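Reader: I would like to learn how to read the aromatic rings and their surroundings in a structure. Could you take me through it step by step?

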Amino acid sequence: MRIGLITGGGDCAGLNAAIRAVVKHAVGSYGHSVIGFRNGWKGVADGDVLALTRQHIRGVLPLGGTLLGTARYHPHEAEGLDAVRATLEAERIDALICIGGDGTLHAASKVAELGINVIGIPKTIDNDVAGTDASIGFATAVHVATEAIDRLHTTAESHNRVMVVEVMGRHAGWIAVNAGIAGGAEIVLAPEAPFDMDRVERFLRHRHRAHASFSIVAVAEGAQPAEGTSMTFTTELGRYGEIVAGTTGGRVAAEIAARSGFDTRVTVLGHIQRGGTPLPADRILGSRFGHAAVEALQTGRSDVMTALRGERIELVPLAEIAGKVKYVPDELLRVANALA
Ligand code: F6P
């Protein structure tokens with residue numbers, strides 16, 4: 001087989017482990033060829049090819065980012081489907097493995113509708129790909145955010161301050177909730193549970209009167225005030241309708257400071273959560289997904305995504321998960337709030 005391989009959407013830690021597993025297993029176990037395309041779907045549309053050998057994957061396990069490069073380009077939204085088909089025919093690609101988040105995998109399901117064999121592998125620090133318990137990159141992002149909260153704790157306590165920390169998560173608050181629990185944030189604001197600033201203020205005033213003189217507030221970039229409550233803001237959107245990171249934390253911090261008079265600071269973690277050395281958990285998940293994607297092709301499967309379900313890796317139809325968001329369940333949100 002000639003297997004195509006792309007990484008699309010935002011990068012994260014653990015992508016190189018998945019690339020390595022695909023190349024090692026496909027070439028080493030079965031004698032297939034793996035043809036990488038640079039910069040996600042854009043590279044497929046443009047025919048930007050990198051034939052992958054063992055040489056390319058040597059020493060990549062500890063490396064963040066993606067050796068293939070990535071881009072936010074979706075061929076079905078950019079009239080690129082014909083170009084994608086033409087490149088895949090010219091390169092005699094039998095099947096394409098797409099490592100991506102919701103956008104890249106949605107595009108994969110559109111390409112599959114053309115009759116092209118596609119296997120998806122879920123990755124995103126946001127952990128919001130439907131159908132899988134976890135996506136590549138999430139564990140490392142939670143680790144980075146937790147460490148940041150730990151560091152903010154000591155300086156918050158020294159200065160008697162409220163520290164607002166904004167983490168990534170446009171549609172779902174997985175990082176905010178998990179790092180908030182692990183780091184002991186007093187308040188966690190996630191897109192799934194629109195907040196009431198009056199309650200936030202009451203909580204902080206009570207805490208600072210009764211228990212402590214500092215607090216940590218973890219805010220997902222997509223968190224919003226509940227309709228009809230005293231604070232209003234509309235999330236800032238970019239050119240493609242995407243949420244612009246970095247504004248939510250600042251607004252929450254300004255509101256807390258204005259209402260309570262507490263000395264308040266904001267830290268926006270941003271892309272620090274995406275970069276750097278992958279945790280073992282992401283290297284292992286990437287390796288398992290890469291291995292499973294090659295096995296899926298070997299057994300004649302296509303138009304499916306590798307998914308972690310409990311302890312097992314399973315295959316779920318791309319059509320079932322395309323365009324869906326996996327939200328933080330109520331139980332986890334309740335834990336984050338109850339332990340404040
Ligand atoms: O890949 C997901 C994500 O990290 C989101 O959490 C964040 O909102 C977005 O990407 C940032 O995108 P960009 O890298 O294009 O600024």
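Author: A charge sits over a ring if NZ of Lys or CZ of Arg is within 6 Å of the ring centre and within 35 degrees of the ring normal. Here Lys 326 lies over the face of Trp 174, at 4.7 Å from the ring centre, and Lys 42 lies over the face of Tyr 73, at 5.3 Å from the ring centre. This is a predicted model, in which local features need pLDDT of at least 70, side-chain atom pairs count only at pLDDT 80 or more, and totals for chains, interfaces and linings use all residues. Residues are numbered from 1 along each chain as its sequence is written, and side-chain values use heavy atoms, with hydrogens and water left out.

Reader: How many aromatic pairs does the rule give?

Author: A pair of aromatic rings is described by the distance of the centres and the angle of the planes. Rings of Phe, Tyr and Trp (its six-membered ring) pair if their centres lie within 6.5 Å, and planes under 30 degrees apart count as stacked, over 60 as edge-to-face and the rest as tilted. By this rule there is 1 aromatic pair. The rings of Phe 138 and Trp 174 have centres 6.4 Å apart and planes at 85°, so the pair is edge-to-face.

Reader: Are Phe 138 and Trp 174 buried or exposed?

Author: Buried means under 20% relative accessible area, exposed over 50%, and partly exposed in between, with a 1.4 Å probe and protein chains only. Phe 138 is buried, and Trp 174 is buried too.
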